[in-house]
Amino acid sequence: TPDLRIPFRGDASAVLERIAAGCGGQISRIDGVRADYDDGWALARASITEPAMTLRFEGRDRECMKTIVERFLAGVPELLAPVKEKIHE
């Protein structure tokens with residue numbers, strides 16, 4: 001996906017911790033949270049210029065990407081719903 005900017009005014013650090021704690025995969029904490037999976041990857045970071053979270057996803061194919069989105073954001077439904085809307089556009 002391109003950068004997906006999701007408006008967010010909550011505690012970004014807490015949300016990134018929740019993502020890291022539950023997303024599985026190989027985790028990197030440089031500039032947010034990145035998870036690498038066998039069939040793709042996901043990245044979440046807090047925007048420094050606006051009250052938003054920036055997310056990116058890549059999968060082997062579209063179905064893998066959708067599965068990665070669900071897995072990566074399972075613990076943060078406040079981000080999952082708007083991301084799903086954007087990737088289904």
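Which side chain does the side chain of Arg18 make a polar contact with? That would be the side chain of Glu78, at 3.0 Å. (A polar contact here is a pair of N or O atoms within 3.5 Å; within protein, one must be able to donate a hydrogen and the other to accept it, and residues adjacent in sequence count only if both atoms are side-chain atoms.)

## Before we go on

This is a predicted model, where local features need pLDDT of at least 70 and side-chain atom pairs count only at pLDDT 80 or more, while totals for chains, interfaces and linings use all residues. Residues are numbered from 1 along each chain as its sequence is written, and side-chain values use heavy atoms, with hydrogens and water left out.

## Around Arg18

Arg18 is found in helix α1, residues 12–22. Helices (H or I, at least four residues) and strands (E, at least two) are DSSP runs, numbered from the N terminus. At 36% relative accessibility, Arg18 counts as partly exposed; buried means under 20% relative accessible area, exposed over 50%, and partly exposed in between, with a 1.4 Å probe and protein chains only.

Skip the neighbours within four places in sequence, and Arg18 is in contact with Gly75, Val76, Pro77 and Glu78. Contact means heavy atoms within 4.5 Å. As for Asp39, it sits 21 residues from Arg18 along the chain, and the C-alpha atoms of the two are separated by 22 Å.

## The sheet

Five strands make an open sheet, in the order β1-β5-β4-β3-β2, with antiparallel pairing. Two strands pair if DSSP finds at least two bridges between them. At the edges are β1 (4–7) and β2 (26–28), each pairing on one side only. From one strand to the next, the twist averages 20°. Angles run from 0 to 180 degrees between N-to-C directions, and axes are lines fitted to C-alpha atoms, for helices over the stretch in contact.

Now for the pairings. β3 (residues 33–37) and β4 (residues 40–46) are antiparallel over five bridges, and Tyr37 has Gly40 in β4 as its bridge partner. Four bridges join β1 to β5, with Pro7 standing opposite Ala52 in β5.

Helix α3 (residues 77–87) lies across β1 and β5, running at about 140° to β1.

## Thr54 in β5

Is Thr54 buried or exposed? Thr54, which has its place in strand β5, counts as buried at 3% relative accessibility. Leaving out residues up to four places away in sequence, Thr54 touches Asp3, Leu4, Arg5, Leu43, Ala44, Arg45 and Ser47.

## Rings

Rings of Phe, Tyr and Trp (its six-membered ring) pair if their centres lie within 6.5 Å; planes under 30 degrees apart count as stacked, over 60 as edge-to-face and the rest as tilted. That rule gives one aromatic pair. The rings of Phe57 and Phe72 have centres 6.0 Å apart and planes at 80°, so the pair is edge-to-face. Phe57 lies in strand β5 (residues 52–59) and Phe72 in helix α2 (residues 62–72), so the pair ties together parts that are 15 residues apart in sequence. Phe57 is buried at 1% relative accessibility, and Phe72 is buried at 1% too.
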